[in-house]
Amino acid sequence: MMKDFIMLNSGACFAQARVKDQDYQEDFTFVDIYDFPKVDLKPYKCLVINSFIDQEFLYEQRHLIREFLDDRKVLIFTGNLFKNWLPGGSNFVPKQINSFQDYVVSVHQPHPIFEGVLEDDMTYNKGVSGFFARGHHPVPEGAEILLTLSGGEPINYIDRNSTKGTIFAHVGNDLFGKMNGSPKTTDRIGPQLMQWARDEYIRLQEGCVQL
């Protein structure tokens with residue numbers, strides 16, 4: 001059965017854990033980052049790129065990313081940009097911290113990806129803040145901001161203007177994983193992000209994406 005998602009594997013320990021996660025075996029094809037140029041991307045609806053990826057290498061292959069998006073597909077990036085490989089993207093800006101409350105997550109605009117997810121569950125993990133996001137990426141013109149930090153810095157955005165496809169960029173770690181410890185509302189994010197990506201792909205292919 002053809003899978004909808006292709007995730008580039010950085011080889012880092014956290015990435016390896018995702019490769020072995022049985023919850024995603026039916027939906028994801030995992031590809032070593034350095035095999036990326038040899039992969040046929042045509043069957044896939046969504047390209048997923050996470051933290052710890054070799055961004056210098058991605059910069060060399062940026063034309064492949066652009067071509068994928070211009071086929072009216074979806075790209076999900078979670079991490080801190082420092083190289084110009086993501087269309088419309090800008091380098092990570094770290095948050096200046098004076099208190100743990102500077103990491104408080106707020107919903108800027110309700111969205112199906114974060115439906116039913118509590119702000120406190122995103123802000124705190126075992127009572128510690130800062131795991132969800134520690135800065136921001138300047139937002140491309142016309143992009144849709146979903147979550148913000150306490151100073152209004154955008155944690156993530158949806159960009160439908162920089163390419164013919166759709167980019168979801170999150171300035172943090174892999175959203176498909178679950179928090180360690182007791183079940184939390186953040187466990188909803190991974191499945192809801194997958195469903196949004198599938199729905200977005202259909203809208204893109206039908207030419208009826210809602211801006």
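**Chat: sheet and rings**

Mentor: In this predicted model, Ile-49 has Phe-77 in E4 as its bridge partner.

Trainee: OK, and how do strands E3 and E4 run, parallel or antiparallel?

Mentor: Parallel: E3 (residues 46-49) is joined to E4 (residues 74-78) by four bridges.

Trainee: Switching to rings. How many aromatic pairs are there?

Mentor: Six. One of them is Phe-28 with Phe-176, edge-to-face at 5.2 Å centre to centre, with 75 degrees between the planes. Phe-28 is in strand E2 and Phe-176 in the loop between E13 and H5, 148 residues apart.

Trainee: Are those two buried or exposed?

Mentor: Both Phe-28 and Phe-176 are buried. Ring pairs also link them with Phe-5 and Phe-30 into a cluster.

Trainee: And why is the Tyr-34 and Phe-57 pair called edge-to-face?

Mentor: Because their planes are at 70 degrees, and over 60 counts as edge-to-face. The ring centres are 5.0 Å apart.

Trainee: How accessible is each one?

Mentor: Tyr-34 is partly exposed, with a relative accessible area of 45%, while Phe-57 is buried at 14%.

Trainee: What lies over the face of Tyr-59?

Mentor: Arg-62, at 3.9 Å from the ring centre, and Lys-83, at 4.9 Å.

Definitions and conventions. Residues are numbered from 1 along each chain as its sequence is written. This is a predicted model: local features need pLDDT of at least 70, side-chain atom pairs count only at pLDDT 80 or more; totals for chains, interfaces and linings use all residues. Side-chain values use heavy atoms; hydrogens and water are left out. Two strands pair if DSSP finds at least two bridges between them. Helices (H or I, at least four residues) and strands (E, at least two) are DSSP runs, numbered from the N terminus. Rings of Phe, Tyr and Trp (its six-membered ring) pair if their centres lie within 6.5 Å; planes under 30 degrees apart count as stacked, over 60 as edge-to-face and the rest as tilted. Buried means under 20% relative accessible area, exposed over 50%, partly exposed in between (1.4 Å probe, protein chains only). A charge sits over a ring if NZ of Lys or CZ of Arg is within 6 Å of the ring centre and within 35 degrees of the ring normal.
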